[in-house]
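Please work through the following exercises with the sequence and the structure at hand. Each task is followed by a solution in steps.

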Amino acid sequence: MKAWRRGCLCASSQMTVHELNDQIDNVQLLDVRAPDEWEQGRIPGATHLYVADMRDGLDGASAFDKSKPVVTYCDSGYRADIAASLLQRRGFQDVRNVPGSWQAWNNAGFEVEK
């Protein structure tokens, strides 16, 4: 929150897990959870880049197209919002985070990849 007050973080749009499930083939999906969380399961088609590593650069997101929507998720949504802000600061135009993120995806009963 302090970073937001200092203007370091940008506000991002949101996408519900139901919207994500409907549009999953039309977005670039970025899982920003810790490596051990990623290994336990993920939303199908996601790319992994741990949010803590993003402060030093976006090497793992270099394959993403800045002109296409990027959707970030973590376990509950907090880290995803930080990651979305970092992507916006690096020139990504359409970035959204998923409130409830992984927990909401699981609670909705959607497909999981392991």
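The exercises below concern a predicted model.

**Exercise 1.** Determine which strands pair with β4, and in which sense.

*Solution.* Begin with strand β2 (residues 28–31), which runs parallel to β4 and is joined to it by 4 bridges. Within this pairing, Leu-29 stands opposite Val-71 of β4. Next, consider strand β5 (residues 95–97): β4 pairs with it over 3 bridges, also in the parallel sense. Here Val-95 of β5 is the bridge partner of Val-70. Finally, trace the chain from β4 through α5 to β5; this β-α-β crossover is right-handed.

**Exercise 2.** Identify the largest nonpolar core and the element that gives it the largest share.

*Solution.* The largest nonpolar core has 15 residues, and Val-70, Leu-87 and Phe-92 are among those with the most contacts inside it. Two or more residues come from each of α4 (51–54) and α5 (78–89). The largest share, 4 residues, is that of α5. Another core, of 14 residues, lies apart from it and includes Leu-29 and Trp-38.

**Exercise 3.** Classify Ser-101 as buried or exposed.

*Solution.* Locate Ser-101 in helix α6 (residues 101–107). Its relative accessibility is 1%, so Ser-101 counts as buried. Among the residues that Ser-101 touches are Val-17, Tyr-73, Asp-75 and Ala-80.

How values were computed. Residues are numbered from 1 along each chain as its sequence is written. This is a predicted model: local features need pLDDT of at least 70, side-chain atom pairs count only at pLDDT 80 or more; totals for chains, interfaces and linings use all residues. Side-chain values use heavy atoms; hydrogens and water are left out. Buried means under 20% relative accessible area, exposed over 50%, partly exposed in between (1.4 Å probe, protein chains only). Contact means heavy atoms within 4.5 Å. A nonpolar core is a set of buried Ala, Val, Leu, Ile, Met, Phe, Trp, Tyr and Cys residues joined through side-chain atoms within 4.5 Å. Two strands pair if DSSP finds at least two bridges between them. A crossover is right-handed if, with the strands pointing away from the viewer, the path from the first strand over the helix to the second runs clockwise. Lists of a residue's contacts leave out its neighbours within four places in sequence.
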